[in-house]
Amino acid sequence: QLQAFGGGWVQAGGSLRLSCAAAGRTFSTYRMGWFRQAPGKEREFVAAVGRTGGSTYYANSVKGRFTISRDNAKNTVALQMNSLKPENTAVYYCAAGQFGRGTVDDDYNYWGQGTQVTVSS
């Protein structure tokens, strides 16, 4: 079970930190990722982190502004979002998977409920 939180409203240029808490004892065996879905658009990949936190992947649109990290001791994954833009407005989902590099939906088995991020201009 995954639960995402930390979304909210922020002005363009601001920052938000999303967190996702996972239940269970096998968190460290899963690659974790963040996806987002804007109104009227398909869900898209944002960032992924490997099992130990040593490897990370980002969508080109967020590189240099977003940072994904995980804490296996606390069963959490975070997404620090800086320099936010109005086009970053979306529902953000965390996900857990055990196969693939973690940059597409099919790499993930479990999904959180999503948290809304709204960036105003």
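At 26% relative accessibility, Asp 105 is partly exposed, a class lying between buried (under 20% relative accessible area) and exposed (over 50%), as computed with a 1.4 Å probe on protein chains only. The model is predicted, so local features need pLDDT of at least 70 and side-chain atom pairs count only at pLDDT 80 or more, whereas totals for chains, interfaces and linings use all residues. Residues are numbered from 1 along each chain as its sequence is written, and side-chain values use heavy atoms, with hydrogens and water left out.

Asp 105 forms a salt bridge with Arg 43, the closest N and O atoms being 3.0 Å apart; the term denotes a side-chain nitrogen of Lys or Arg within 4 Å of a carboxyl oxygen of Asp or Glu. Because Arg 43 lies in the loop between β4 and β5 and Asp 105 in the loop between β9 and β10 (110-111), the pair ties together parts 62 residues apart in sequence. Arg 43 is likewise partly exposed, at 30%. Two salt bridges are counted by this rule. In the pair Arg 36 and Glu 44, the closest N and O atoms are 2.6 Å apart; Arg 36 is buried, at 5%, whereas Glu 44 is partly exposed, at 38%.

Strands β3 (residues 16-22) and β8 (residues 76-81) are joined by six bridges, and Leu 16 stands opposite Met 81 in β8.

Notes: Pairing = 2+ DSSP bridges. Helix = DSSP H or I, 4+ residues; strand = E, 2+ residues; numbered from the N terminus.
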